[in-house]
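Here is a short report on one protein chain. Look over the sequence and the model, then read on.

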Amino acid sequence: MTSASALSDLGLWLGELSVFDATAEAVPFLWDLAVTDSVPSRADVIQLLRTILEQANPPRLDVQYAAHRAVLDGRSLADRLAGDRDVAVQAAGQSLVAAIDNHVCEACRPA
């Protein structure tokens, strides 16, 4: 299995279609992968973080909130990635920063 196919499979389980209970628990590990220079496909990991931030789980707003909060809490790491030497990582990081800065959803809006 290649890193790209493993990441694709992970995306299906963590955030491509919806966010799940395990998503929030996995996000810190995704942040670790995204900032580790030796990890292949870092830009794809960053895109998965953005995908998680954009997905919903309307019946379980608590799950959605936890997953989104886990991504939003990595804002400083996103800033670091937005300045990365790797052009693909830099572009993905900038896209993620914009998504974080503009994030609004039913689960995350202030009460």
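## Ground rules

Contact means heavy atoms within 4.5 Å. The model is predicted, so local features need pLDDT of at least 70, side-chain atom pairs count only at pLDDT 80 or more, and totals for chains, interfaces and linings use all residues. Residues are numbered from 1 along each chain as its sequence is written, and side-chain values use heavy atoms, with hydrogens and water left out.

## Overall build

The protein chain has six helices and zero strands. Helices (H or I, at least four residues) and strands (E, at least two) are DSSP runs, numbered from the N terminus. Read from that end, the order of elements is α-α-α-α-α-α.

The chain holds 111 residues, and 43% of them are buried. Buried means under 20% relative accessible area, exposed means over 50%, and partly exposed lies in between (1.4 Å probe, protein chains only). Now take the contacts between residues at least 6 apart in sequence. Of these, 61% join residues at least 24 apart.

Buried residues of α3 include Arg-42, Val-45, Leu-48 and Thr-51.

A nonpolar core is a set of buried Ala, Val, Leu, Ile, Met, Phe, Trp, Tyr and Cys residues joined through side-chain atoms within 4.5 Å. The largest one here has 27 residues, of which Trp-31, Leu-49, Ile-52, Val-71 and Leu-96 touch the most other members. Two or more residues each come from α2, α3, α4, α5 (75-82) and α6. The largest share, seven residues, is from α3. Leu-49 touches Val-27, Leu-30, Trp-31, Ala-34, Val-71 and Leu-96, leaving aside neighbours within four places in sequence.

## Salt bridges

A salt bridge is a side-chain nitrogen of Lys or Arg within 4 Å of a carboxyl oxygen of Asp or Glu. The count is eight. One of them pairs Asp-21 with Arg-60, with the closest N and O atoms 3.6 Å apart. This pair links distant parts of the chain: Asp-21 sits in helix α2 (residues 21-34), Arg-60 in the loop between α3 and α4, and 39 residues separate them. Asp-21 is exposed, because its relative accessible area is 52%. Arg-60, at 35%, is partly exposed.

Arg-60 also meets Asp-62 in a salt bridge, at 3.1 Å from N to O. Asp-62 is partly exposed, at 49%. Another salt bridge joins Asp-73 and Arg-69, at 3.0 Å from N to O. Asp-73 is exposed, at 56%, whereas Arg-69 is partly exposed, at 33%. Shared partners join Asp-21, Arg-60 and Asp-62 into one salt-bridge network.

## Asn-57 in its loop

Asn-57 lies in the loop between α3 (42-54) and α4 (61-72). Is Asn-57 buried or exposed? Its relative accessibility is 12%, so Asn-57 counts as buried. Setting aside residues up to four places away in sequence, Asn-57 touches Ser-18, Val-19, Val-63 and Gln-64. Asn-57 and Ala-67 are ten residues apart in sequence, and their C-alpha atoms are 9.9 Å apart in space.

His-103 is in the segment after α6 (87-101). At 18% relative accessibility, His-103 counts as buried. Which residues does His-103 touch, not counting those up to four places away in sequence? They are Leu-53, His-68, Leu-72 and Cys-108.

With His-68 there is also a polar contact: the side chains of His-103 and His-68 are joined at 3.2 Å. A polar contact is a pair of N or O atoms within 3.5 Å; within protein, one must be able to donate a hydrogen and the other to accept it, and residues adjacent in sequence count only if both atoms are side-chain atoms.

## Two cysteines, no bond

A disulfide is a covalent bond between the sulfur atoms of two cysteines. The test used here is a pair of cysteine sulfur atoms within 2.5 Å. By that rule the count is zero. Cys-105 is in no disulfide, and its nearest cysteine sulfur, that of Cys-108, is 3.4 Å away. Cys-105 is buried, at 17% relative accessibility. Cys-108 is in no disulfide either.
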